[in-house]
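Here's a quick walk through the model you have open. Keep the viewer handy as you read.

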Amino acid sequence: MDQNKATLSELMAKAQQGDGVAYKDLLGQCRLMLFALLCSRLHNDAQVEDLIQEILISLHKARHTYQPGRPFQPWLFGIANFRLKDHFRKHYKRLDLEQAFATSIEEEKHNFDVTFWASKSEELAEALDGLPPKQRQLVQLMKIEGYTAVEVAGQTGMTPTAVKVSVHRSVKQIKQTFKGTGENH
Amino acid sequence: MKTTDLIESLALQPAAVPRSPWGLVLVAMGLTGLLLFGLGSVYGYRPELWDRMGEPWFGLNLGLLLLSAMASLVVSCLIAVPHFSLTQRLRLFALLPFVLWSVSLAVSLVLTLATNPESIRPEPWDLFCVQNFMVFLLLPGAFFLFQIRKLAPTQPRWSSGLAVLAATSMGNFSLLLLEQQNSIFHQIVCHWSPTMMFVLLGFCCGKKMLRW
């Protein structure tokens, strides 16, 4: 074990002097050590591999802070633990957000009134049917299928301004229809 | 990207020259000393400085502040290097500057009130303290933080808080030398409270300021 430590320190010292082969060898050995460390803490292979890469990049960024002659492993594990804590912090933050999102979806599902929205949908379909075919096509393309005014103009041979005016008038008419049905009810 | 490819690409990059945290400590101390000397030359030291030096609490206060500043600078640089981040002894040592600073505060408070109870009354003051604090925070403070960031800190909150304590302690030290102000009330409001506030701010923003 002591021999191993000395070897790592020597490799790092050589790497600091510009020995690329020693540095590559060192990074390879660090990868194995990090794999052993992270496998005991994380249970996802992809996460382990991602974190190993992140730690190796951090090690590379901090390589000038290594003091030759000092033990290498405390230095490496200092960086590794720092990145591991960072990973867990991000992971749990994301997990909290995902749980909050899932809860809000569940709440929305519970509060969703199927009968109300089905009747509204039918009313909207009736109001659309009440429009002249050309206007109905424009509303369908712009408001339901999501095309832009320029794209709709290209498809229908109208100018973009004419498309916008026509759609605006149709929406106004639909709103009035809804208002009318609302007052009748 | 595969890890083996990453290792290949990292190994191809040029070597980095090792940097010692002690070098940074020495440079920072030299720069702070120069700044103190420069401020003294521009504003002039307080006229009764030599008389005050004879007072035991004043000398003790100066000494403790200087020790606190030096200890916080040394510990903030040492704790920033990944080598030392895991050692329990250094973690305990990180409390030393705060202890020194608190003792300096207590000594100053108790001895001033015991020898001169009148000093509790506020005296008129100007914005010199604020200017002085800002000079120390913006020049040595920012320099410490910038240099500590290059040391790859693995305890960023502690490193940042201690670096700010070093800068503000030097600010307090210089104020004792430059400002002719004997009110302990003034020291509490204008010297110690901003120090605590800035150190807390340093702790809170440490992770963002020292991201690497």
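A residue is called buried if 20 or more other C-beta atoms lie within 10 Å of its own, exposed if 12 or fewer, and partly exposed in between, with C-beta atoms placed from the backbone. This is a predicted model, where local features need pLDDT of at least 70 and side-chain atom pairs count only at pLDDT 80 or more, while totals for chains, interfaces and linings use all residues. Residues are numbered from 1 along each chain as its sequence is written, and chains are lettered from A and ligands numbered from 1 in the order in which they are written.

Let's start with chain A. It has eight helices and zero strands (helices are DSSP runs of H or I with at least four residues, strands are E runs of at least two, numbered from the N terminus). The C-alpha trace of chain A spans about 90 × 40 × 25 Å along its principal axes. Its radius of gyration is 32 Å, whereas a compact globule of 185 residues would come out near 16 Å (taken over C-alpha atoms, with the globule rule being 2.2 Å times the number of residues to the power 0.38). Buried residues make up 21% of chain A.

Now zoom in on A:Leu59, which sits in helix H3 (residues 45–61) of chain A. A:Leu59 counts as buried because it has 23 C-beta neighbours inside 10 Å. Setting aside neighbours within four places in sequence, A:Leu59 is in contact with A:Cys30, A:Leu76 and A:Ile79 (contact means C-beta atoms, placed from the backbone, within 7 Å).

| Helix | Residues | End-to-end C-alpha span | Expected span | Buried residues |
|---|---|---|---|---|
| H5(A) | 114–129 | 22 Å | 22 Å | one of 16 residues |

H5(A) is hardly covered.

What about the core? The largest nonpolar core holds 70 residues, and B:Cys77 and B:Ala166 touch the most other members (such a core is a set of buried Ala, Val, Leu, Ile, Met, Phe, Trp, Tyr and Cys residues joined through C-beta atoms within 7 Å). Another core, of six residues, lies apart from it and includes A:Leu138 and A:Val163.

Finally, the two chains meet: 21 residues of chain B are in contact with 30 residues of chain A.

Methods
The expected span of a helix is 1.5 Å times one less than its number of residues.
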